[in-house]
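Please open the structure in the viewer and keep the selection panel at hand.

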Amino acid sequence: MTAEIQIHQLTKKFPKGPQALKGVNLEIRKGDLFTLLGPNGAGKSTLVKIASTLLKKDGGEMTIAGIDPEENPGRVRSYIGVASQENDLDPSETLENLLRFQCRLYGLSRTETTSRSEELIESFDLQEHRKKKCENLSGGNKRRLHCALALVHKPGLLFLDEPT
């Protein structure tokens, strides 16, 4: 099997902050389930942000499905899904409307949007919460919604930042 994520000597230092990544080497093969664990400040979120094109690396090499995130960020973003640890949900919008909006952002037709939204609502057991505004969802249901939003476009790779 080929490597889905390949990282060699990856580094990142924040200008007025810590050396977040110091020569990270990592290879994750297609089909692997991989968990990145470490204490606060270990660089886990920094690594995910670089892999998802939200942050530039200082040095080293990284490819995702053979694609360099800095050379072709659009292709990488279309291949991955990210459920971040930040609660960036619109508090005044309903769960169902957010899913539909995300579907449309990824170019799904109206028919596909209806079908994919329903599929995700069922998969994440959110049926009884579909009409609730995000501000009225429990923390666990907000997390489920984040995951559903990250899976709207059926990515080849999913990053869950702070999955619990």
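Predicted model: local features only at pLDDT ≥ 70, side-chain atom pairs only at ≥ 80, totals over all residues.

**Stop 1: the whole protein**

Colour it by secondary structure to find five helices and five strands. Followed along the sequence, these elements are arranged as β-β-α-β-α-β-α-α-α-β. The radius of gyration is 17 Å, close to the 15 Å that the globule rule gives for 164 residues, so the protein is as compact as a globular protein of that length. Next, display the C-alpha trace, which spans about 45 × 30 × 25 Å along its principal axes.

Contacts also deserve attention at this stop. Among the contacts in the protein with a separation of 6 or more, 59% are accounted for by residues 24 or more positions apart.

**Stop 2: surface and charges**

Switch to a surface display. The protein exposes about 9700 Å², and carbon and sulfur atoms supply 50% of that area. Of the 164 residues, 40% count as buried. Now colour the charged residues: there are 24 positive and 22 negative charges, and their mean positions lie 3 Å apart.

**Stop 3: helix α1**

Select residues 44-51, which form helix α1. How many of its eight residues are buried? Seven of them are, and the helix is therefore described as mostly covered, where buried means under 20% relative accessible area. The buried residues are K44, S45, T46, L47, V48, I50 and A51.

Then move just past the end of α1 and select T53, which takes a positive phi of about 70 degrees.

**Stop 4: helix α5**

Select residues 139-150, the twelve residues of helix α5. Draw a distance between the C-alpha atoms at its two ends: they are 17 Å apart. At 1.5 Å a residue the helix should span 16 Å, which agrees with that distance.

Helix α5 is mostly covered as well, with nine of its twelve residues buried. These are N141, K142, R143, L145, H146, C147, A148, L149 and A150. Which elements cover the buried residues of α5? They include the strands β4 (80-83) and β5 (157-160) and the helices α3 (95-105) and α4 (110-123).

Conventions: Residues numbered from 1 in each chain as written. Heavy atoms only, no water. Helix = DSSP H or I, 4+ residues; strand = E, 2+ residues; numbered from the N terminus. Expected span 1.5 Å × (residues − 1). Buried < 20%, exposed > 50% of the residue type's maximum accessible area, 1.4 Å probe, protein only. Contact = heavy atoms within 4.5 Å. Rg over C-alpha atoms; globule rule 2.2 N^0.38 Å. Areas by Shrake-Rupley, 256 points an atom, 1.4 Å probe, with all protein chains shown as cover. Lys, Arg positive; Asp, Glu negative; His and termini not counted. Charge placed at Lys NZ, Arg CZ, Asp CG, Glu CD.
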